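Let's take a walk through a protein model together.

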Amino acid sequence: MAGPGIAWYLASEARKESQGLKEKVNQLRAEVERLKADLPSRSSLPPIQEEVFIAPPPPQVVTQATVRDEPPVIHQEPTILPPALPPPVFERIAETPVLPPLEAAGPPKIPAPKPMRRPVKAARPEISLEQFLGVKLFAWIGGLALFLGIVFFVKYAFERNLISPALRTGIGFLIGGGLVVTGIIMRRSKDYAVLAQTLAATGVLILYGVTYAAHALYHFPAFGTLSTFVYMSLITTGAFVLSVRMEAPVIAVLGMAGGFLTPIFVNTGVDNPLGLFGYLLLIDLGLMAVAKKRGWYYLIACGAAGTLLLEAGWFMEWFWKGEYHLSAKIWIPVTVHVFFPALFAGATWWLQARSRDTVSSAKTESFSLYPAYGGLALAAWSFIVAFLFLEHDYITSRPVVLNGFLFALNAAVLLQIWVQPRVAMAQWLAALLSFVHLAVWSSLRLTEATLMAALLSYLVFGLMHTGFALLAMRKRPETMQAQQHGIWLGPVAVLLVLGPMFALPEVPWLIWPTVLLLNLMTIAVAGVTLALAPVLLALCVTLLAVGFWLFRLDPLAGPWSFLLTLGGFALVFAAAGAVLSARVRLRKGGEKPRGSEWLTSLEGQLPMASASLPFILLIIATYRLNLVNPTPVFSLGLLLCLGLLVLMRLSRLPALGMAALVCMWLLEYVWMDLHYTAEQPWVALGWFLGVASLFAGYPFLWRSRFQEVALPWVISAITWLLQGFLIYKVCDSLPRMKEQMGWVPALLALPPLVSLSVVLKMPLAGENAIHRLVRNTQLAWFGGVALAFITLIFPIQFNEQWITLGWAMEGAALCWLYTRVPHDGLRRVGVGLLTATFIRLALNPAVLSYQERSETPIWNWFLYAYGTAALAMFAAAWWLAPPRDRMGEVNLRGLLWSYGGILLFLLVNIQIADYFTPAGEAFISTQWGGDFARSMTFSIAWALFALGLLVIGFRVDAKGARYAGIALMGVTLMKLFFHDLANIESIYRIGALIVVAIIALGASFLYQRFYARQERDD
């Protein structure tokens, strides 16, 4: 009831103000015309002499003093000075040697009249503490004291029954009305504005109190529930009118408080939602009108707080008592809790639209935050109500009611954001609450009957938020930064499909069209905004959903439904990535990033992730499903590999090819480890050879693209190593191949040899360093892989220490190839393999127990294992002659000589230990004591080996060999004197000493001869 009265009052006030402004404009126009008429014309003004005009000086003075680079000046007739001019002025000026420019001596210039300035209104002096205490505080205290005095007087009269209830009520109305009238009268004098406002506010309080007392205490017939409600509404309306007329916000606040307390004071105990919320609507409209009229925008926020409290109170008291949750009456709370947030969003728009003419834009937006925050507070309470609805089966079984309410709330919040973009973060909060609400409902309350409604709700959720963000970014580009986060909510909606997967016993097929539509919506938004990150997130979320579905599948079920779903999504995102990347490049000027720049940019990461991430699910599917036949999984993997290879060709990023090879090989290896059986070897061999042919052949197919890139050729060569391992495993599982396994590496050496021959026949693309480097890389890798297979033929065929021997021979072969193809990678890999061989044979004691010893001395597997490895070390050292022997500060040749020498020394000791091991023992014995013959054999062998090192050192002038010989000879002598001589008999002791003495003397003789030869040479 307050709204119509306030509207009528505001209209009359506006009419009065417009008439007054029109009269003031007419007065100002007449004043301007009068001032224009009083101004003298420019022609009637006498000359204004701001300087003295004199006759021109003599010509010679002018020529000397004033003639510079200025253009010639035509002299005018001399000006006759008034007779009153004092003579001294002529003398002073005539003696001045330098004259001002003659052009300054022209006709006098009449200065233009200065523009009239508007009278500046003097700023009001700041209110001092004394003025605050004397004027406002005393007035407020006085008003409070007057109110309390009346209250205590009434209480005193009540206690002694001095005045009848009717008279009490009448006196109260008279006092309250009198105070209001007194305040209105005193308001005519601006000197008593504070006192007038205080009296009027006190009167309003008294009127509220007396009306409530007449209803609640005395129960007068004239103050029934409806009539009291009308009276208090009128008091509220009057308070609003007074606050506007008297410019007293305190009266508006009191009227607002009384208005919101009225339903509480006159509560009938009967549920009447239409009357209650209609009354709240009128109160809020009145507050909005008052706030708009006087600029008290905080009143709207206070009104939202009061509305929220009454909404919450009604809901807590009547929602369950009135059984709204059990019937169609549920639409009443749904409508109420959506209407008021929308109302305050409209208030925000109304205030902004009506305030731009009088208030600056920035200030208007600041003012409009009050209704925006009020509306969002009401929306927050409405979201709480939506969560409370989840407790009731009647509501949760009706998605139209539940989710319709939820989306209406989202619409109200989005409307608020559209009107006031400064609260854009509210979209994230509303989306988060809606997401949690939908997720809880889907996980706990979803049934097969409500599945379709749930899927439609997911679509509406994603479409509403992404569409709003897109619309805001298109229509209001200035708010793009604030609205851009909304485009991420499309991929988030895909997570909601996990709810039906949890809630239902089987995953329905309708989920995947919903996921597809959500992804297409995200891709469409990215096509407009060119934001690729949400599409990448949508890909990851989709794969997560597909992976969760994989764990719900029956392991014995066929894989085709899963593979078709996974492949379809991979294809959609790969195509979207290609199209979106092209659009981004066009936006950037058509430049395509290359190399690592492509890998680090989203336009490269999106298509690469679309083709590579599905391999994770394929590998998991290989673990989960019974895949005896790998054709379905390998077919999808091969398709993804083709996609990565095409992307590699377009982007020229070779790392994509390596990623495709590694992903496919891991998939093949997992399948073979889990599901391969020897009953179907040809299927596995066919796939392994087919994959190897694909990766080995694509650089030759697109060789014009890779003439300056080395990695594709490396991938082509290394493919045969990876796939060769799988082919070897298949062949090793066949019984008829056990005795012919040497043919496997021999046949695998043919493809790299063919590739090497093709490379040799290919013309060199150029003569620069890059082309030569690529050619050396091609020769090195194809030749190295071919040599790797060739060197594996012998050890695989004999099947004893074949891994170690393969490393040794491959390392030596790569060092030889380095002498033909100067690619440093060959030398590095070769020396690395030889180092691994040395570590395995020299520093791994367990190697002696890998295989049982034979009863044949000397000619056993120790001889060919250690001997072949030592010969490979010596051959590699021989081929790495200077200047190829240095890798930085490391002397590779000396290192390899040392490896070979140590292995030979170990071989001698192993053979001695094997010879003296008792017959029937499976492994050699390494005991040092207890056997004189074995101990003396060790000593003599060490001494002879040391002598051999000295001879080699003298022969090739190698200090390292000589130093090693001296050290070994010293260790031998120490062993002889401190160990052997203490444990043997005298006659044998004499023989041992003689033998060691002869060896030591021989070493001394060799040293003397070596130094004598050096002196002769010098």
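Which residues in α35 are buried? They are L826, R827, G830, V831, L833, L834, T837, F838 and L841, where buried means under 20% relative accessible area, exposed over 50%, and partly exposed in between (1.4 Å probe, protein chains only). Seen down the axis of α35, these buried residues fall within an arc of 155°, so they line one face of the helix; the arc is that of the directions from the helix axis to the C-beta atoms.

Before we go on, a word on what you are looking at. This is a predicted model, in which local features need pLDDT of at least 70 and side-chain atom pairs count only at pLDDT 80 or more, while totals for chains, interfaces and linings use all residues. Residues are numbered from 1 along each chain as its sequence is written, and side-chain values use heavy atoms, with hydrogens and water left out. Helices (H or I, at least four residues) and strands (E, at least two) are DSSP runs, numbered from the N terminus.

Next, find I523 in helix α21 (residues 511–529). Its relative accessibility is 14%, so I523 counts as buried. Which residues does I523 touch, leaving out those up to four places away in sequence? Its partners are V535, V572, A576 and L580, with contact meaning heavy atoms within 4.5 Å. I523 and L580 are 57 residues apart in sequence, yet their C-alpha atoms are 8.5 Å apart in space.

On a 1 Å grid over the protein atoms alone, a cavity is a set of points where a 1.4 Å probe fits but cannot get out, and lining residues have an atom within 4 Å of a point. There are two cavities of 30 Å³ or more. The largest cavity has a volume of about 40 Å³, and its lining includes W671, H675 and Y676. Helices α28 (655–675) and α29 (681–701) each supply at least two residues of that lining. The second largest cavity holds about 30 Å³. Here α11 (331–355), α13 (369–389) and α15 (399–419) each supply at least two lining residues, and P341, G375 and Q416 are among the residues of that lining.

Methods:
1 Å grid on protein atoms, 1.4 Å probe; cavity = no way out; pocket = protein on both sides within 12 Å on 5 of 7 lines; lining within 4 Å. Points joined across faces, edges and corners; volume = space filled by probe spheres on them.
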